[in-house]
Amino acid sequence: MQFYLNGYTPGDPFVEDPHPSVAERPDGLPDTADVVIIGSGPAGLVLAAQLAQFPELRTVVVDRRDGPLEVGQADGVACRTVEMFEAFGLADQLIHEGYQVNEVTFWRPDPERSGSIVRTGRIDDVEDGISEMPHMIVNQARMLAYLRDHMRRSAARAEPFYGLHATDVQVSTDCEEEHPVAVTLQHVAGFEPTGETSMIRAKHVVGCDGSRSGTREAIGRRLEGDATDSSWGVLDVLAVTDFPDIRLKSAIHSEHGSILIIPREGGYLVRLYIELDNERDAEMLRNRSATPEKLAAVANRILHPYSIDVKHVGWWAVYEIGQRLCDRFDDADQSGERAPRVFIAGDACHTHSAKAGQGMNVSMADAWNLGWKLGTVLRGTARPEVLRTYSDERQAVAQELIDFDREFAALFSARSDGDEGDPERFQRYFRQQGRFTAGVAVRYGPSLLTAASPQQRLAEGFPVGMRFPSAPVVRLADAKPVHLGHAARADGAWRLYAFADRAHPAAAGSRLRELAAFLDSADSPVTRFTPASADPDSVLDVRAVLQQGHRDVTIEDLPPALLPRKGRFELVDHEKVFCPDPATDVFDLRGVDRQRGALVVVRPDQHVSHVLPLDAHDELAEFFDGVLVQR
């Protein structure tokens, strides 16, 4: 990570200087804001963390709780989510603290001993090559703490406001009104009203307020779908057990039900997802009389002949599986004439079971998709039409999740003697869907953000619409081995990755050199769309990957576009150019055309938007004409 751009200062370099507007802000809740976020769960705080990178905007987060979440709820962190946290500079902390899921075991009824279970399979949890990041288990409360810390260290100095329950959201019909959305807030203590109310007006409101979302109701959207008759208990416990795979993720099917074991961080804690039988556990379900002791008894019934002695319960809950989805995630009308002002994200627009570990991850991805769009539109560097793509892109992803979750939940709960009870079928399905559960299978369709006709053959390993997969490279300036994708920060900037042709970058016939000359010209998207007062990489960040080794090229060989001057001292940024890693050449790994090279255009949320030849200057400019605002 780079710092000290505008002068050396002592202290923690990861704490940014506050934006000048921070000192001018009144104490307490403001009357107006650019964005109001309702809810400080995973979606709400990822959105807030992203918008904190636009500190000139006033973002307000409100939550009806008295303070931050402390225990419980979601815990699975998919590989793609860890990649996202890397863009916020938080991945190292997450990986250091969490439990890394390496293998999964599968248990079934023992055909030789009635009433007993036996291990039937053991596989890698994540397929090799999917991501450089692992699948992690970290308490949701800790994930939220990382994000709050990031917000505090940002130039925005952002903090949620607690004890505020949004009771109404109204959108003005006056298109000229600067803050057209009015949010009524009821002050609460311990979820009980105090009698005080406030109102805040905003340019945009985002409801991240859960499955019972009042924001969703206010804009006339509904969750459509069905609940199943399947109920599950969840226990986070410290326990003593003779079950041999207690520190491995384990899917257990017995004659008495199913359990999913998720080891937790710290080496001792473990989570049990326990299926509750509608016959054996009918009284507990009917009377809502579940207790941790009763859930532990069910766990022992399923685990036989093994047993588990629960010593301490950190958190527990009972929930019913249901798959529900909204048809749109914003308040835009069907005609498309009125731009969206209110959005919903996370559980407010899609709900499903917890067993596949997708809820928190997909909710966070919703927020990241929306966050950079709101930030760049409100900053004035992106066209307002960009906001319409949020619902189109994320609703389609949520529909895929609902379809996946329905089958996953059915297979997990299938009885061994039923039509769905092939002992190998769930294991096969788990392996086949590995890319989906890792979060790397999302592919956005053609839109103003995703090219309909890319020249994909130039870079087969960077599929347009999918996330940009990282790869090992060596940074030219300091010979440091790094991951190419980790150069991108969650700062709202687009990335242009120029994979060079065979020619030496100093040679007259170098396509890379010609591209760099174009990007330095008056016709360049970099020149046309970057505000005059901003750093040259604040909107379009140009990176290059050479074919030569890092000892075969020097900084002197590079064109000025790859050595941009930044900050008040116009310092040279030397970290824009990379060379292949000797052990894993990125050109081979990602199928990049060595003769012609390729230009890979990547969105601020790391999804590939376009693949072009290095000399397709006009096509590059035309693409950004539809997305960005000329300065």
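**Ground rules.** I am working with a predicted model, where local features need pLDDT of at least 70, side-chain atom pairs count only at pLDDT 80 or more, and totals for chains, interfaces and linings use all residues. I count residues from 1 along each chain as its sequence is written, and my side-chain values use heavy atoms, with hydrogens and water left out.

**Entry: salt bridges overall.** I looked up salt bridges (a side-chain nitrogen of Lys or Arg within 4 Å of a carboxyl oxygen of Asp or Glu). The structure holds 44 of them. Side chains of opposite charge can pair when their charged atoms come close.

**Entry: Asp236 and Arg271.** I found a salt bridge between the side chains of Asp236 and Arg271, at 2.7 Å from N to O. This pair links distant parts of the chain, 35 residues apart: Asp236 is in strand 12 (residues 224–241) and Arg271 in strand 15 (residues 270–276). I take strands as DSSP runs of E with at least two residues, and helices as runs of H or I with at least four, numbered from the N terminus. Next I checked burial (buried is under 20% relative accessible area, exposed over 50%, partly exposed in between, with a 1.4 Å probe and protein chains only). Asp236 is buried at 3%. Arg271 is buried too, at 1%.

**Entry: Asp281 and Arg301.** I found another salt bridge here, 3.1 Å from N to O. Asp281 lies in the loop between strand 15 and helix 7 (282–286), and Arg301 lies in helix 8 (residues 292–303), so the pair ties together parts 20 residues apart in sequence. Asp281 is buried, with 4% relative accessible area.

**Entry: Asp366 and Arg394.** The closest N and O atoms of this salt bridge are 2.7 Å apart. I placed Asp366 in helix 9 (residues 359–379) and Arg394 in helix 10 (residues 389–413), 28 residues apart. Asp366 is buried at 0%. Arg394 is buried at 2%.

**Entry: a network.** Which residues are linked in a network of salt bridges? I listed Asp491, Arg495, Asp537, Asp541, Arg543, Lys566, Asp573 and Lys576.

**Entry: a nonpolar patch.** Met1, Phe3, Tyr4, Tyr8 and Phe14 make a nonpolar patch of about 580 Å². Patch residues have over 30% relative accessible area and no salt bridge; like charges are joined within 9 Å, nonpolar side chains (Val, Leu, Ile, Met, Phe, Trp, Tyr) within 5 Å. Met1 lies in the segment before helix 1 (20–24). Is Met1 buried or exposed? Met1 counts as exposed, at 67% relative accessibility.

How values were computed
Accessible areas come from the Shrake-Rupley method with a 1.4 Å probe; for residues, only the protein chains shown count as cover.
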